[in-house]
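Please look through the sequence and the model shown here.

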Amino acid sequence: MNLHKHNLKLVLLATTLTCSTAALASHHFESAAALQDPTINQLDNYVFQSSRPNATAFIMDINNSPKDAPGGVFKPGALYNIHIADDAKFKAGHTFSLMFDEKGNYTVYELASPNAPVGSKGKEIGKGELNKKAELADGIQLWAGVVKDPFFGNSPGLHILRQQLSEGTYDPKIWTSVKGKNIFVGRKSGAIVLDVPNKMLGKTIKVFMTTAVQKDSSWKQVQYSAIPLFSHSMLFENEALKAEHDQSRPDNSQDMKNFVSARTARASTFAHSQKEPQVYGDKVADMLVPDVLTYNVGTPAKFSAASINGRSLSDDAMSEMLTLLLGQPTDQNITDQKLYTKDFPYLMPASFK
């Protein structure tokens with residue numbers, strides 16, 4: 001490590017040691033625009049083996065408070081993008097985009113690039129209706145609608161963790177000393193579920209998801225998401241960093257490594273879990289940046305602190321990210337409500353009542 005890089009990391013570490021942590025809660029309300037309009041609030045992403053033997057499932061959860069009103073689930077005219085790269089340079093692959101009207105009807109577009117400029121749509125490949133399965137060309141299946149939110153998290157434990165880390169301490173007993181309350185119980189969300197035949201995908205894919213809105217004649221990327229809890233656990237209350245991340249792409253986000261390394265070194269120092277916290281921080285940063293879900297097509301998906309191979313609906317993502325953050329095995333002690341099924345569209349459709 002050169003001296004300049006080492007000094008920069010020391011400055012970053014010293015800065016983060018004095019900061020308080022924000023609540024870790026998926027990607028909920030990550031951007032300023034999402035605070036104002038939940039219909040473009042990205043929540044969670046999943047990539048796993050489809051219920052069909054030769055296909056892969058991609059899920060993009062949107063909107064923590066869908067409403068039974070025109071444009072109450074997905075924002076009319078916005079673009080909801082699922083980016084799938086077949087290579088590490090994000091040159092080859094696909095972007096599948098959906099654009100909705102006020103009734104929830106949507107048009108699907110496919111672009112032969114995983115990282116095209118914001119607002120690029122490509123060719124139209126089909127249409128669909130809210131809460132109904134759509135069969136598209138080339139064996140692609142799609143469903144978009146309202147579901148029971150499958151995410152689960154220990155809210156009281158996270159509140160205590162925030163207090164402790166802000167004070168420079170950590171007690172691993174917090175996860176069992178409080179009766180965990182899953183703040184997502186009973187919540188609903190919007191969801192886009194895409195099933196793509198494996199013949200259209202590379203052997204190993206790198207997936208991220210974005211939303212974009214048009215203002216006047218230009219498009220703006222509103223939010224970016226891939227790894228669960230990335231912004232909330234690694235960038236926490238730094239709004240400038242969050243804004244940069246939300247408007248980034250994988251090929252221009254390498255500067256995030258220093259912040260992720262410092263953040264992880266800080267937390268693992270308080271947890272007394274690592275002999276060399278900075279070395280550990282670098283290891284985690286290399287794993288999490290760029291922020292993508294890497295998946296070996298056709299294999300069982302598993303998101304864990306040891307490795308990232310997509311993300312299944314049964315993965316305890318919060319426990320795994322806490323394990324990475326703190327540098328030691330951490331169980332948030334919340335029971336999975338199992339709000340998912342083995343068959344397409346995998347999530348449980350919900351009514352507005």
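**The chain and its helix α9**

The protein chain of this predicted model has nine helices and 14 strands; helices (H or I, at least four residues) and strands (E, at least two) are DSSP runs, numbered from the N terminus. Residues are numbered from 1 along each chain as its sequence is written, and side-chain values use heavy atoms, with hydrogens and water left out. As the model is predicted, local features need pLDDT of at least 70 and side-chain atom pairs count only at pLDDT 80 or more, while totals for chains, interfaces and linings use all residues.

Of the 353 residues in the protein chain, 58% are buried. Buried means under 20% relative accessible area, exposed over 50%, and partly exposed in between (1.4 Å probe, protein chains only). The accessible surface of the protein chain is about 14800 Å², of which carbon and sulfur atoms supply 54%; these areas come from the Shrake-Rupley method with a 1.4 Å probe, and for residues only the protein chains shown count as cover. Among contacts in the protein chain with a separation of 6 or more, 65% are between residues 24 or more positions apart, where contact means heavy atoms within 4.5 Å.

Helix α9 is largely enclosed by the rest of the structure, because nine of its 10 residues are buried. The buried residues are Ala317, Met318, Ser319, Met321, Leu322, Thr323, Leu324, Leu325 and Leu326. Their cover includes α3 (155-167), α4 (174-177), α5 (230-235), α7 (256-271), α8 and β13 (302-303). After α9 comes Gly327, which has a positive phi near 75 degrees.

How do α8 and α9 meet? The axes of α8 (residues 277-288) and α9 come within 9 Å and cross at roughly 140 degrees. Axes are lines fitted to C-alpha atoms, for helices over the stretch in contact, and angles run from 0 to 180 degrees between N-to-C directions. Tyr280, Val284, Met287 and Leu288 of α8 make the contact with Met321, Thr323 and Leu324 of α9. By class, this contact has six nonpolar residues, one polar residue and no charged residues; Ala, Val, Leu, Ile, Met, Phe, Trp, Tyr, Cys and Pro count as nonpolar, Asp, Glu, Lys and Arg as charged, and the others, Gly among them, as polar.

Ser319 lies in helix α9 and is buried, with a relative accessible area of 5%. Its side chain is joined to that of Asp316 by a polar contact of 2.6 Å, that is, a pair of N or O atoms within 3.5 Å; within protein, one must be able to donate a hydrogen and the other to accept it, and residues adjacent in sequence count only if both atoms are side-chain atoms. A polar atom of the Ser319 side chain also lies 3.0 Å from the backbone nitrogen of Gln332. Not counting residues up to four places away in sequence, Ser319 touches Thr330, Asp331 and Gln332.

**Charged pairs**

Side chains of opposite charge can pair when their charged atoms come close. A salt bridge is a side-chain nitrogen of Lys or Arg within 4 Å of a carboxyl oxygen of Asp or Glu, and the count by this rule is eight. One of them joins Asp44 and Arg311, with the closest N and O atoms 3.0 Å apart. This pair links distant parts of the chain, 267 residues apart: Asp44 is in strand β1 (residues 42-49), and Arg311 is in the loop between β14 (308-309) and α9 (317-326). Asp44 is buried at 0% relative accessible area, and Arg311 is buried at 2%.

Another salt bridge joins Lys127 and Glu124 at 3.6 Å, N to O. Here Lys127 is exposed at 53% relative accessibility, and Glu124 is partly exposed at 46%.
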